[in-house]
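Hi,

Have it open while you read.

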Amino acid sequence: MSGTVRLTTAQALVRFLARQFTERDGARQRLIGATWGIFGHGNVAGLGQALVEYGAEMPFHQGRNEQAMVHAAVGHARQSGRLTTHAVTTSIGPGATNLVTGAALATINHLPVLLLPGDVFATRPADPVLQQLEVPYAGDVSVNDCLRPVSAYFDRVTRPEALIPAALQAMRVLTDPVATGAVTLALPQDVQAEAFDWPEDFFAERVWSVRRQAPDPAEVAAAARAVRGAARPLLVAGGGVHHSAAEDALRAFADATGIPVASTQAGKGSLRHDHPADVGGIGHTGTATADELARGADLVIGVGTRYTDFTTASGTLFAADGVRFVNLNVAPFDAHKMAGATVVADARAGLEALTGALAGHRVEPAYAASYTAGKERWEQRVDAAYAADEPDARPTQTQVLGLLDALVTDEDVVINAAGSLPGDLHKLWRARSPRQYHVEYGYSCMGYEIPAAIGVSLAAPERPVWALVGDGTYLMMPTEIVTAVQEDIPIKVVILQNHGYASIGGLSESVGGERFGTDYRYRAPDGTYTGGPLPVDLAANAASLGLPVTRAKTVDELRAALREAREADGPTCVYVETETTDTVSGPPPAQAWWDVPVAEIATRPSAVKAREEYDRHVSDRRRHL
């Protein structure tokens with residue numbers, strides 16, 4: 001029978017977390033690699049003291065913004081294949097509520113992160129205490145309850161001994177390939193500091209096996225029959241391919257069958273861009289090749305995808321009469337989408353089984369020749385968009401991507417999340433390795449890029465990590481630049497200044513909104529934001545936070561600045577004001593329609609015209625039954 005050790009609840013939690021491990025395919029690693037924190041009322045005396053007490057066991061990172069700390073943990077988890085993550089501790093009150101956006105992002109993307117917000121006193125010796133939300137109809141509600149709907153698991157630890165089952169449940173969810181996301185343990189500030197006699201076994205090393213769920217043989221056989229009976233099959237690779245490290249299995253499947261592979265934002269890089277079967281991104285921001293194949297496909301094989309409408313155009317793109325779906329997904333909820341036949345399994349295990357069941361089967365040569373020709377045509381369009389033949393000209397956004405594309409190797413990681421860049425990257429970027437393309441588009445959260453780059457760099461310190469940010473997303477959350485400088489984390493920040501919300505501006509124009517409220521400009525005499533550009537100097541701002549900044553005004557200057565940034569040993573920044581009026585080297589237009597409702601009644605001509613266009617497309621919507 002084990003003995004006991006007397007510790008505070010916070011001390012016990014830190015010691016427990018330091019002894020949790022994951023294991024998959026024989027590889028073992030720490031589950032909680034470090035803790036991020038900003039201290040205030042509700043966590044400074046509890047978890048703050050515990051992290052000092054056990055600093056040798058639990059690495060600590062100092063954050064500047066609570067949401068950003070979650071983004072850093074999520075970036076680390078994604079780069080690590082969901083096998084390791086970070087914890088995040090905050091105060092009660094604004095510190096806790098600042099976690100909500102980051103928690104939603106983690107849960108939507110099925111990425112594990114442990115949230116440890118302080119909470120109000122469990123014993124209520126004083127009521128209300130500082131930063132306490134008083135709810136007249138419920139005495140047990142605090143602001144942390146905002147985290148319930150965005151958490152994959154939530155518990156409030158109101159007694160020290162309640163930590164034991166709560167902590168074990170938290171680890172279970174963090175390591176569950178289906179259920180994982182943000183896990184919240186709300187910790188009342190008095191309970192954190194309270195001592196308790198803990199069983200020593202609670203602190204024993206514990207290994208959590210990350211399961212690879214094997215497919216049901218009957219489901220594999222049915223899927224194989226569907227594939228063998230299809231003339232124009234298309235595979236859609238989602239983020240689940242990366243999460244299960246199924247890239248080699250997908251390549252073997254494509255090599256054996258010749259079935260073309262399109263990718264969602266989360267799945268891009270599942271095949272190298274130059275693999276014969278890779279036809280690029282799918283959906284509104286996809287390639288012409290992938291979207292044309294999707295329109296004609298008689299069978300769609302979804303692997304690890306949620307069929308998000310924007311990234312797959314799932315409501316309108318799959319237009320062939322009688323089109324059917326086979327969905328390989330570890331989550332039954334996603335496997336059953338689109339009324340598809342299901343293979344509920346780990347992506348790697350399922351692909352290996354399906355490849356075996358299809359031994360000897362291959363698509364017709366004419367079909368392969370057709371998509372190969374389409375792939376070649378699209379590559380020519382990418383070359384045209386990337387071309388930067390005028391060395392003294394101001395670069396366009398796509399030329400920025402082209403210059404970066406010419407510089408990087410398989411080792412580089414490119415991070416983005418919001419604005420017009422995700423669309424350009426999905427269409428144009430030539431992913432060279434499974435972890436190179438890191439675009440967070442499940443939540444598309446502005447401000448994600450810089451903190452996520454820090455998390456990725458901590459997970460893979462040997463890899464050059466690029467955070468691509470527009471001026472809009474930069475202004476949302478530049479604060480973690482200070483963290484990168486403080487800890488000498490060698491992220492490469494590229495700020496693209498185009499004076500506003502370019503992506504939403506374009507969308508606004510297309511739906512009759514006339515770019516209202518999307519440009520960063522002075523007010524004109526008529527009251528609209530159509531005056532001159534604001535004299536905001538983001539390069540100076542980044543420099544004021546301690547980041548070395550290179551200003552690049554021309555194509556040649558940008559080429560040299562990117563090269564210098566890649567070789568830098570510490571954090572650095574390249575600032576470029578992009579050309580927005582060029583129509584020659586811009587990105588190709590959208591290849592699929594995305595459903596964004598337009599005002600049904602309006603008097604302004606732009607909105608009337610947009611509604612006419614909407615009515616023309618909306619008739620193509622369908623439910624796959």
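How many bridges join strand S21 to strand S23, and do the two run parallel or antiparallel? Six bridges join S21 (residues 491-497) to S23 (residues 572-577), and the two strands run parallel. Along that pairing, Leu496 stands opposite Val576 in S23.

Before the rest, some housekeeping. This is a predicted model, so please keep in mind that local features need pLDDT of at least 70 and side-chain atom pairs count only at pLDDT 80 or more, while totals for chains, interfaces and linings use all residues. Residues are numbered from 1 along each chain as its sequence is written, and side-chain values use heavy atoms, with hydrogens and water left out.

**The sheet and its helices**

S21 and S23 belong to an open sheet of six strands in the order S19-S18-S20-S21-S23-S22, with parallel pairing. Strands S19 (437-439) and S22 (549-552) are at the edges with a single partner strand each, so one side of each has no neighbour in the sheet. From one strand to the next, the twist averages 20°. On terms: helices (H or I, at least four residues) and strands (E, at least two) are DSSP runs numbered from the N terminus, and two strands pair if DSSP finds at least two bridges between them.

Helix H16 (residues 397-407) lies across S18 (413-416), S20 (465-470), S21 and S23, and runs at about 175° to S20. Helix H18 (residues 449-459) also packs on the sheet, where it touches S18, S19, S20 and S21. The direction of H18 likewise makes about 175° with that of S20. Contact here means heavy atoms within 4.5 Å. Axes are lines fitted to C-alpha atoms (for helices, over the stretch in contact), and angles run from 0 to 180 degrees between N-to-C directions.

For Cys573, the nearest is that of Cys445, at 20 Å. Cys445 is buried at 8% relative accessible area, and Cys573 is buried at 1%. (Buried means under 20% relative accessible area, exposed over 50%, and partly exposed in between, with a 1.4 Å probe and protein chains only.)

**Salt bridges**

Side chains of opposite charge can pair when their charged atoms come close. Searching the whole structure gives 31 salt bridges, each a side-chain nitrogen of Lys or Arg within 4 Å of a carboxyl oxygen of Asp or Glu. Three of them for you to look at:

- Asp145 and Arg156 pair with their closest N and O atoms 2.9 Å apart. Asp145 is in the loop between S7 (113-119) and S8 (153-156), and Arg156 is in S8, so the bridge ties together parts eleven residues apart in sequence. Both Asp145 and Arg156 are buried.
- Arg566 and Asp412 come to 2.7 Å between closest N and O atoms. Arg566 sits in helix H23 (residues 555-567) and Asp412 in the loop between H16 and S18, so this pair ties together parts 154 residues apart in sequence. Arg566 counts as buried at 18%, and Asp412 is buried at 0%.
- Asp595 and Arg621 meet at 2.6 Å, N to O. Asp595 is in the loop between S23 and helix H24 (605-618), and Arg621 is in the segment after H24, 26 residues apart. Asp595 is partly exposed at 21%, as is Arg621 at 47%.

There is also a network: salt bridges with shared partners join Asp25, Arg212, Asp346, Arg348 and Glu352.

Most residues other than glycine have a negative phi, and most peptide bonds are trans. Where is a cis peptide bond found? One joins Asp127 and Pro128, with omega about 5°. Pro128 lies in the loop between S7 and S8.

Two non-glycine residues have positive phi values. Met338 has phi near 60° and is in the loop between helix H13 (332-335) and strand S17 (341-344). Met338 counts as buried, at 16% relative accessibility. Glu514 has phi near 55°, and its place is the loop between helix H21 (502-510) and helix H22 (538-544). Glu514 is partly exposed, with a relative accessible area of 37%.

Cheers

Definitions and conventions: Disulfide = S-S within 2.5 Å.
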